[in-house]
Amino acid sequence: MPDATFDDLPALARHLRDELEVKKSILIYAYNGTGKTRLSTAFKDLGKVVSADGETTVQDTLYFNAFTEDLFFWDNDLANDRARVLKINSNSRFFAGLGELEMDNRIRPLLNRYADFDFRIDTTEWAVSFSRVVETAGTTATVEDIKISRGEENIFIWCFFLAIVQLALDEAEAYTWVRYVYIDDPISSLDESNAVMVANHLSQMLKDAPNRIRVVVSSHHVLFFNVLCNEMKKPRMYFLTRKKQAGGQTFKVQETDSTPFLYHLASLIEMHQAQKSGALYTHHFNMLRRVMEQTAAFFGYAKWHDCIKPEADDPNETIYKRVIDLMSHGDYSLYEPREMIPENKEHFGRLLKQFITLHPFSPALFPEDAQEAQ
(Lines give C-alpha, C1' and ligand atoms only; values in the text may rest on other atoms or scores of the structure.)
Protein backbone atom coordinates (compact mmCIF):
# COMPACT_ATOMS: atom_id res chain seq x y z
CA MET A 1 0.00 0.00 0.00
CA PRO A 2 1.16 3.62 -0.41
CA ASP A 3 2.56 5.62 2.50
CA ALA A 4 -0.11 6.80 4.94
CA THR A 5 -0.20 9.50 7.62
CA PHE A 6 -2.40 9.49 10.72
CA ASP A 7 -3.32 12.23 13.17
CA ASP A 8 -3.10 9.99 16.23
CA LEU A 9 -2.17 6.50 17.34
CA PRO A 10 -5.75 5.14 17.67
CA ALA A 11 -6.28 5.96 13.98
CA LEU A 12 -3.07 4.12 13.10
CA ALA A 13 -4.12 1.19 15.31
CA ARG A 14 -7.45 0.98 13.42
CA HIS A 15 -5.50 0.96 10.16
CA LEU A 16 -3.37 -1.96 11.39
CA ARG A 17 -6.51 -3.91 12.29
CA ASP A 18 -7.91 -3.26 8.81
CA GLU A 19 -4.62 -4.44 7.26
CA LEU A 20 -4.77 -7.65 9.30
CA GLU A 21 -8.02 -8.56 7.61
CA VAL A 22 -5.90 -9.48 4.57
CA LYS A 23 -2.39 -9.97 6.03
CA LYS A 24 -1.42 -12.51 8.68
CA SER A 25 1.39 -10.41 10.12
CA ILE A 26 2.70 -6.85 10.27
CA LEU A 27 6.24 -5.87 11.24
CA ILE A 28 6.96 -2.30 12.32
CA TYR A 29 10.35 -0.66 12.69
CA ALA A 30 10.53 2.63 14.59
CA TYR A 31 13.10 4.53 16.59
CA ASN A 32 12.76 4.76 20.35
CA GLY A 33 10.44 7.60 21.36
CA THR A 34 8.27 7.29 18.26
CA GLY A 35 5.31 5.83 20.15
CA LYS A 36 5.58 2.06 19.62
CA THR A 37 4.46 1.13 23.14
CA ARG A 38 1.56 3.57 23.07
CA LEU A 39 0.56 2.18 19.67
CA SER A 40 0.44 -1.37 21.07
CA THR A 41 -1.77 -0.11 23.92
CA ALA A 42 -4.08 1.72 21.48
CA PHE A 43 -4.34 -1.44 19.37
CA LYS A 44 -5.20 -3.53 22.44
CA ASP A 45 -7.78 -1.00 23.67
CA LEU A 46 -9.68 -1.14 20.36
CA GLY A 47 -10.47 -4.78 21.08
CA LYS A 48 -11.74 -4.23 24.62
CA VAL A 49 -15.29 -3.89 25.86
CA VAL A 50 -15.57 -2.34 29.33
CA SER A 51 -18.72 -2.55 31.43
CA ALA A 52 -20.32 0.37 33.26
CA ASP A 53 -18.49 -0.55 36.47
CA GLY A 54 -15.11 -0.55 34.70
CA GLU A 55 -14.69 -4.30 34.27
CA THR A 56 -13.24 -5.60 30.99
CA THR A 57 -15.79 -8.06 29.63
CA VAL A 58 -14.30 -8.66 26.16
CA GLN A 59 -10.78 -8.46 24.78
CA ASP A 60 -9.04 -9.90 21.74
CA THR A 61 -5.32 -9.04 22.00
CA LEU A 62 -2.58 -10.93 23.79
CA TYR A 63 0.17 -8.35 24.01
CA PHE A 64 3.72 -7.94 25.22
CA ASN A 65 5.09 -4.47 25.88
CA ALA A 66 6.71 -2.47 28.66
CA PHE A 67 3.52 -2.78 30.74
CA THR A 68 3.65 -6.58 30.69
CA GLU A 69 6.56 -6.48 33.12
CA ASP A 70 4.32 -4.60 35.55
CA LEU A 71 2.26 -7.76 36.00
CA PHE A 72 5.20 -9.08 38.05
CA PHE A 73 6.69 -7.46 41.15
CA TRP A 74 9.21 -8.50 43.79
CA ASP A 75 8.56 -9.41 47.42
CA ASN A 76 12.09 -9.19 48.84
CA ASP A 77 11.21 -10.58 52.29
CA LEU A 78 12.61 -7.52 54.01
CA ALA A 79 11.91 -8.96 57.45
CA ASN A 80 14.04 -12.09 57.01
CA ASP A 81 15.99 -11.35 53.81
CA ARG A 82 15.61 -14.95 52.73
CA ALA A 83 12.49 -16.02 50.81
CA ARG A 84 12.57 -13.62 47.87
CA VAL A 85 9.84 -14.27 45.30
CA LEU A 86 8.48 -12.65 42.16
CA LYS A 87 4.77 -12.02 42.73
CA ILE A 88 2.19 -12.40 39.95
CA ASN A 89 -0.82 -10.13 39.46
CA SER A 90 -3.54 -12.75 39.74
CA ASN A 91 -6.24 -10.37 38.48
CA SER A 92 -4.85 -10.25 34.94
CA ARG A 93 -6.42 -12.38 32.23
CA PHE A 94 -2.86 -12.81 30.99
CA PHE A 95 -2.58 -15.64 33.53
CA ALA A 96 -5.87 -17.41 32.76
CA GLY A 97 -5.61 -21.13 33.48
CA LEU A 98 -2.23 -20.80 35.16
CA GLY A 99 -2.88 -23.54 37.69
CA GLU A 100 -4.36 -26.09 35.28
CA LEU A 101 -1.95 -25.74 32.36
CA GLU A 102 1.34 -26.79 34.03
CA MET A 103 3.06 -23.57 33.08
CA ASP A 104 6.34 -24.60 34.76
CA ASN A 105 6.80 -27.40 32.24
CA ARG A 106 5.86 -25.12 29.35
CA ILE A 107 8.17 -22.27 30.34
CA ARG A 108 11.24 -24.31 31.35
CA PRO A 109 12.24 -25.57 27.85
CA LEU A 110 11.99 -22.00 26.54
CA LEU A 111 13.98 -20.55 29.43
CA ASN A 112 16.72 -23.17 29.07
CA ARG A 113 17.57 -21.66 25.69
CA TYR A 114 18.67 -18.42 27.32
CA ALA A 115 19.41 -18.80 31.04
CA ASP A 116 21.09 -21.01 33.68
CA PHE A 117 18.65 -20.59 36.56
CA ASP A 118 15.53 -22.58 37.45
CA PHE A 119 12.18 -21.59 38.95
CA ARG A 120 9.03 -22.84 40.65
CA ILE A 121 5.55 -21.32 40.35
CA ASP A 122 3.28 -21.43 43.39
CA THR A 123 -0.24 -21.06 42.01
CA THR A 124 -1.70 -20.79 45.53
CA GLU A 125 0.43 -17.82 46.56
CA TRP A 126 0.77 -16.49 43.00
CA ALA A 127 4.53 -16.26 43.34
CA VAL A 128 7.64 -17.48 41.52
CA SER A 129 10.77 -18.56 43.38
CA PHE A 130 14.14 -18.99 41.68
CA SER A 131 17.17 -21.20 42.24
CA ARG A 132 20.58 -21.72 40.68
CA VAL A 133 23.15 -24.49 40.76
CA VAL A 134 26.54 -23.12 41.81
CA GLU A 135 29.96 -24.73 42.01
CA THR A 136 32.23 -24.12 44.99
CA ALA A 137 35.56 -25.85 45.64
CA GLY A 138 34.74 -28.63 43.19
CA THR A 139 31.28 -29.39 44.58
CA THR A 140 27.89 -28.26 43.32
CA ALA A 141 24.90 -27.11 45.31
CA THR A 142 21.50 -25.60 44.56
CA VAL A 143 20.93 -22.16 46.05
CA GLU A 144 17.21 -21.56 46.65
CA ASP A 145 15.14 -18.37 46.82
CA ILE A 146 17.63 -16.22 44.95
CA LYS A 147 16.84 -12.84 43.50
CA ILE A 148 17.69 -12.92 39.83
CA SER A 149 19.03 -9.87 38.00
CA ARG A 150 16.85 -7.43 36.11
CA GLY A 151 18.03 -8.85 32.80
CA GLU A 152 17.29 -12.41 33.90
CA GLU A 153 13.87 -11.32 35.12
CA ASN A 154 13.12 -9.88 31.68
CA ILE A 155 14.15 -13.17 30.07
CA PHE A 156 11.88 -15.13 32.42
CA ILE A 157 8.89 -12.86 31.68
CA TRP A 158 9.56 -13.14 27.94
CA CYS A 159 9.61 -16.96 28.14
CA PHE A 160 6.44 -16.87 30.27
CA PHE A 161 4.81 -14.85 27.50
CA LEU A 162 6.05 -17.23 24.78
CA ALA A 163 4.53 -20.17 26.66
CA ILE A 164 1.18 -18.37 26.72
CA VAL A 165 1.47 -17.54 23.01
CA GLN A 166 2.02 -21.23 22.32
CA LEU A 167 -1.14 -22.06 24.29
CA ALA A 168 -3.08 -19.55 22.17
CA LEU A 169 -1.62 -21.03 18.97
CA ASP A 170 -2.58 -24.50 20.19
CA GLU A 171 -6.10 -23.13 20.82
CA ALA A 172 -6.14 -24.02 24.51
CA GLU A 173 -9.57 -23.27 25.97
CA ALA A 174 -8.23 -20.62 28.37
CA TYR A 175 -6.94 -18.55 25.43
CA THR A 176 -9.59 -18.98 22.75
CA TRP A 177 -10.32 -15.23 23.14
CA VAL A 178 -7.00 -14.37 21.49
CA ARG A 179 -7.41 -13.05 17.95
CA TYR A 180 -4.30 -10.87 17.84
CA VAL A 181 -0.79 -11.28 19.24
CA TYR A 182 0.96 -7.90 19.54
CA ILE A 183 4.64 -7.86 20.57
CA ASP A 184 6.53 -4.62 21.17
CA ASP A 185 10.31 -4.76 21.74
CA PRO A 186 10.45 -8.13 23.50
CA ILE A 187 13.90 -7.74 25.07
CA SER A 188 15.76 -4.46 24.92
CA SER A 189 19.48 -3.98 24.28
CA LEU A 190 20.07 -7.33 22.62
CA ASP A 191 23.46 -7.84 21.06
CA GLU A 192 23.47 -9.09 17.47
CA SER A 193 23.86 -12.84 18.08
CA ASN A 194 20.92 -12.91 20.49
CA ALA A 195 18.79 -10.66 18.30
CA VAL A 196 19.09 -13.36 15.64
CA MET A 197 18.30 -16.18 18.09
CA VAL A 198 15.23 -14.52 19.62
CA ALA A 199 13.90 -13.36 16.23
CA ASN A 200 14.40 -16.77 14.67
CA HIS A 201 12.72 -18.54 17.58
CA LEU A 202 9.78 -16.16 17.49
CA SER A 203 9.32 -16.41 13.72
CA GLN A 204 9.40 -20.22 13.84
CA MET A 205 6.72 -20.18 16.51
CA LEU A 206 4.46 -17.72 14.69
CA LYS A 207 4.79 -18.75 11.05
CA ASP A 208 2.32 -21.64 11.36
CA ALA A 209 -0.17 -19.81 13.55
CA PRO A 210 -3.85 -20.68 12.96
CA ASN A 211 -5.46 -18.41 10.40
CA ARG A 212 -7.72 -16.81 13.02
CA ILE A 213 -4.69 -15.38 14.88
CA ARG A 214 -2.96 -12.34 13.39
CA VAL A 215 0.37 -10.92 14.54
CA VAL A 216 1.99 -7.49 14.95
CA VAL A 217 5.63 -7.11 16.03
CA SER A 218 7.26 -3.71 16.53
CA SER A 219 10.87 -3.01 17.41
CA HIS A 220 13.62 -0.40 17.45
CA HIS A 221 16.27 -3.13 17.05
CA VAL A 222 17.32 -3.14 13.42
CA LEU A 223 18.78 -6.64 13.20
CA PHE A 224 15.86 -8.17 15.11
CA PHE A 225 13.49 -6.48 12.64
CA ASN A 226 15.55 -7.59 9.65
CA VAL A 227 15.62 -11.25 10.70
CA LEU A 228 11.85 -11.27 11.24
CA CYS A 229 11.34 -9.76 7.78
CA ASN A 230 13.36 -12.58 6.24
CA GLU A 231 11.98 -15.43 8.35
CA MET A 232 8.23 -14.76 8.53
CA LYS A 233 5.82 -15.55 5.71
CA LYS A 234 5.25 -12.46 3.55
CA PRO A 235 4.64 -9.95 6.35
CA ARG A 236 3.60 -6.35 5.77
CA MET A 237 6.72 -4.34 6.64
CA TYR A 238 6.39 -0.76 7.87
CA PHE A 239 8.78 1.99 8.88
CA LEU A 240 7.00 4.20 11.43
CA THR A 241 7.98 7.83 12.01
CA ARG A 242 6.53 10.64 14.07
CA LYS A 243 6.51 14.28 13.00
CA LYS A 244 5.97 17.07 15.48
CA GLN A 245 4.27 20.16 14.14
CA ALA A 246 2.38 23.20 15.33
CA GLY A 247 -0.75 22.09 17.13
CA GLY A 248 0.23 18.43 17.53
CA GLN A 249 1.92 15.56 15.76
CA THR A 250 1.34 13.03 13.00
CA PHE A 251 2.40 9.42 12.52
CA LYS A 252 3.52 8.11 9.14
CA VAL A 253 3.95 4.50 7.99
CA GLN A 254 6.04 3.69 4.93
CA GLU A 255 5.99 0.21 3.46
CA THR A 256 9.48 -1.13 2.85
CA ASP A 257 10.73 -4.23 1.09
CA SER A 258 14.36 -3.12 1.37
CA THR A 259 15.23 -4.35 4.84
CA PRO A 260 19.03 -4.68 4.39
CA PHE A 261 19.16 -1.03 3.26
CA LEU A 262 16.98 0.00 6.16
CA TYR A 263 19.02 -2.11 8.56
CA HIS A 264 22.37 -0.49 7.88
CA LEU A 265 21.11 3.06 7.71
CA ALA A 266 19.07 2.56 10.84
CA SER A 267 22.10 1.01 12.55
CA LEU A 268 24.12 4.11 11.73
CA ILE A 269 21.38 6.39 13.05
CA GLU A 270 21.04 4.32 16.24
CA MET A 271 24.80 4.46 16.89
CA HIS A 272 24.85 8.20 16.23
CA GLN A 273 22.00 8.78 18.68
CA ALA A 274 23.64 6.54 21.31
CA GLN A 275 26.92 8.42 20.96
CA LYS A 276 25.14 11.77 21.31
CA SER A 277 23.36 10.65 24.48
CA GLY A 278 26.37 8.85 25.95
CA ALA A 279 24.41 5.57 26.23
CA LEU A 280 27.11 3.50 24.54
CA TYR A 281 27.46 -0.23 25.19
CA THR A 282 30.04 -2.76 24.08
CA HIS A 283 27.76 -4.25 21.43
CA HIS A 284 27.81 -0.92 19.55
CA PHE A 285 31.35 -1.81 18.43
CA ASN A 286 29.95 -5.00 16.91
CA MET A 287 27.25 -2.98 15.17
CA LEU A 288 29.81 -0.50 13.83
CA ARG A 289 31.96 -3.28 12.44
CA ARG A 290 28.96 -4.79 10.62
CA VAL A 291 28.15 -1.44 9.01
CA MET A 292 31.80 -1.01 8.01
CA GLU A 293 31.85 -4.48 6.46
CA GLN A 294 28.82 -3.61 4.31
CA THR A 295 30.27 -0.22 3.39
CA ALA A 296 33.60 -1.80 2.42
CA ALA A 297 31.78 -4.31 0.19
CA PHE A 298 29.82 -1.49 -1.46
CA PHE A 299 32.94 0.56 -2.23
CA GLY A 300 35.03 -2.46 -3.22
CA TYR A 301 37.54 -2.20 -0.39
CA ALA A 302 39.66 -5.28 0.26
CA LYS A 303 39.13 -5.14 4.05
CA TRP A 304 36.47 -3.64 6.34
CA HIS A 305 39.09 -1.59 8.20
CA ASP A 306 39.92 0.20 4.95
CA CYS A 307 36.96 2.36 6.04
CA ILE A 308 39.17 3.72 8.85
CA LYS A 309 41.57 6.62 8.27
CA PRO A 310 44.61 6.43 10.59
CA GLU A 311 45.15 9.50 12.74
CA ALA A 312 48.34 11.37 13.53
CA ASP A 313 48.65 9.93 17.04
CA ASP A 314 48.44 6.34 15.74
CA PRO A 315 51.92 5.59 14.34
CA ASN A 316 51.16 1.91 13.68
CA GLU A 317 47.84 2.77 12.01
CA THR A 318 46.09 -0.02 13.93
CA ILE A 319 44.57 1.39 17.12
CA TYR A 320 40.97 1.65 15.89
CA LYS A 321 41.08 -1.77 14.23
CA ARG A 322 42.43 -3.33 17.45
CA VAL A 323 39.74 -1.65 19.55
CA ILE A 324 36.93 -2.83 17.26
CA ASP A 325 38.36 -6.35 17.03
CA LEU A 326 38.66 -6.61 20.81
CA MET A 327 35.28 -5.12 21.66
CA SER A 328 33.30 -6.98 18.98
CA HIS A 329 34.67 -10.40 19.97
CA GLY A 330 34.72 -10.13 23.76
CA ASP A 331 32.82 -12.49 26.06
CA TYR A 332 30.14 -10.05 27.21
CA SER A 333 26.80 -10.67 28.87
CA LEU A 334 24.18 -11.10 26.18
CA TYR A 335 21.13 -9.73 27.95
CA GLU A 336 22.78 -7.24 30.31
CA PRO A 337 24.90 -5.11 28.00
CA ARG A 338 28.03 -3.62 29.51
CA GLU A 339 28.46 0.14 29.27
CA MET A 340 31.68 1.28 27.62
CA ILE A 341 34.40 2.73 29.80
CA PRO A 342 35.08 6.46 29.14
CA GLU A 343 38.22 5.72 27.11
CA ASN A 344 36.32 3.42 24.72
CA LYS A 345 33.45 5.90 24.47
CA GLU A 346 36.00 8.46 23.26
CA HIS A 347 37.45 6.00 20.74
CA PHE A 348 33.98 5.11 19.49
CA GLY A 349 32.88 8.74 19.17
CA ARG A 350 35.97 9.77 17.21
CA LEU A 351 35.77 6.71 14.95
CA LEU A 352 32.04 7.09 14.24
CA LYS A 353 32.44 10.80 13.44
CA GLN A 354 35.34 10.03 11.11
CA PHE A 355 33.40 7.23 9.38
CA ILE A 356 30.33 9.41 8.79
CA THR A 357 32.46 12.32 7.56
CA LEU A 358 34.57 10.28 5.13
CA HIS A 359 31.67 8.47 3.45
CA PRO A 360 28.85 10.16 1.51
CA PHE A 361 25.94 9.50 3.84
CA SER A 362 23.05 11.91 3.53
CA PRO A 363 23.13 14.70 6.17
CA ALA A 364 19.36 14.17 6.49
CA LEU A 365 20.15 11.06 8.53
CA PHE A 366 21.65 13.23 11.27
CA PRO A 367 19.41 16.29 11.71
CA GLU A 368 20.89 17.02 15.15
CA ASP A 369 24.27 17.74 13.55
CA ALA A 370 22.68 20.11 11.05
CA GLN A 371 20.92 21.99 13.86
CA GLU A 372 24.15 22.27 15.85
CA ALA A 373 25.99 23.56 12.80
CA GLN A 374 23.39 26.32 12.39
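**Aromatic rings, inside and out**

Of the 374 residues in the protein chain, 50% are buried. Keep in mind that this is a predicted model. The chain has 11 helices and 14 strands. Take contacts between residues at least 6 apart in sequence: 71% of them join residues at least 24 apart.

Now the rings. The structure holds 18 aromatic pairs. One of them is Phe43 with Tyr180. Their ring centres are 5.1 Å apart and their planes stand at 90°, so this pair is edge-to-face; the cut-off for that class is over 60 degrees. Phe43 belongs to helix H2 (residues 36-46), while Tyr180 belongs to strand E11 (residues 180-184). The pair therefore ties together parts that are 137 residues apart in sequence.

The limit for buried is under 20%.

The charged end of Arg17 sits over the Phe43 ring, 4.4 Å from the ring centre.

Next, a cluster. Ring pairs link Phe72, Trp74, Phe117, Phe119, Phe130, Phe156 and Phe160. A charge meets this group at Phe119: Arg108 lies over the face of that ring, at 4.7 Å from its centre.

In total, eight of the 10 residues of H6 are buried, so the helix is largely enclosed by the rest of the structure.

Now the surface. The accessible surface of the protein chain comes to about 18,700 Å². Carbon and sulfur atoms account for 49% of that area. Phe298, Phe299 and Tyr301 form a nonpolar patch there. Together these three have about 330 Å² of accessible area. Phe298 is found in helix H8 (residues 283-299). Its relative accessible area is 68%, so Phe298 is exposed; exposed means over 50%.

How values were computed. Residues numbered from 1 in each chain as written. Predicted model: local features only at pLDDT ≥ 70, side-chain atom pairs only at ≥ 80, totals over all residues. Heavy atoms only, no water. Phe/Tyr/Trp six-rings, centres within 6.5 Å; stacked < 30°, edge-to-face > 60°. Helix = DSSP H or I, 4+ residues; strand = E, 2+ residues; numbered from the N terminus. Lys NZ or Arg CZ within 6 Å of the ring centre and 35° of its normal. Buried < 20%, exposed > 50% of the residue type's maximum accessible area, 1.4 Å probe, protein only. Contact = heavy atoms within 4.5 Å. Areas by Shrake-Rupley, 256 points an atom, 1.4 Å probe, with all protein chains shown as cover. Patch = residues over 30% accessible without salt bridge, like charges linked within 9 Å, V, L, I, M, F, W, Y side chains within 5 Å. Salt bridge = Lys/Arg side-chain N within 4 Å of Asp/Glu carboxyl O.
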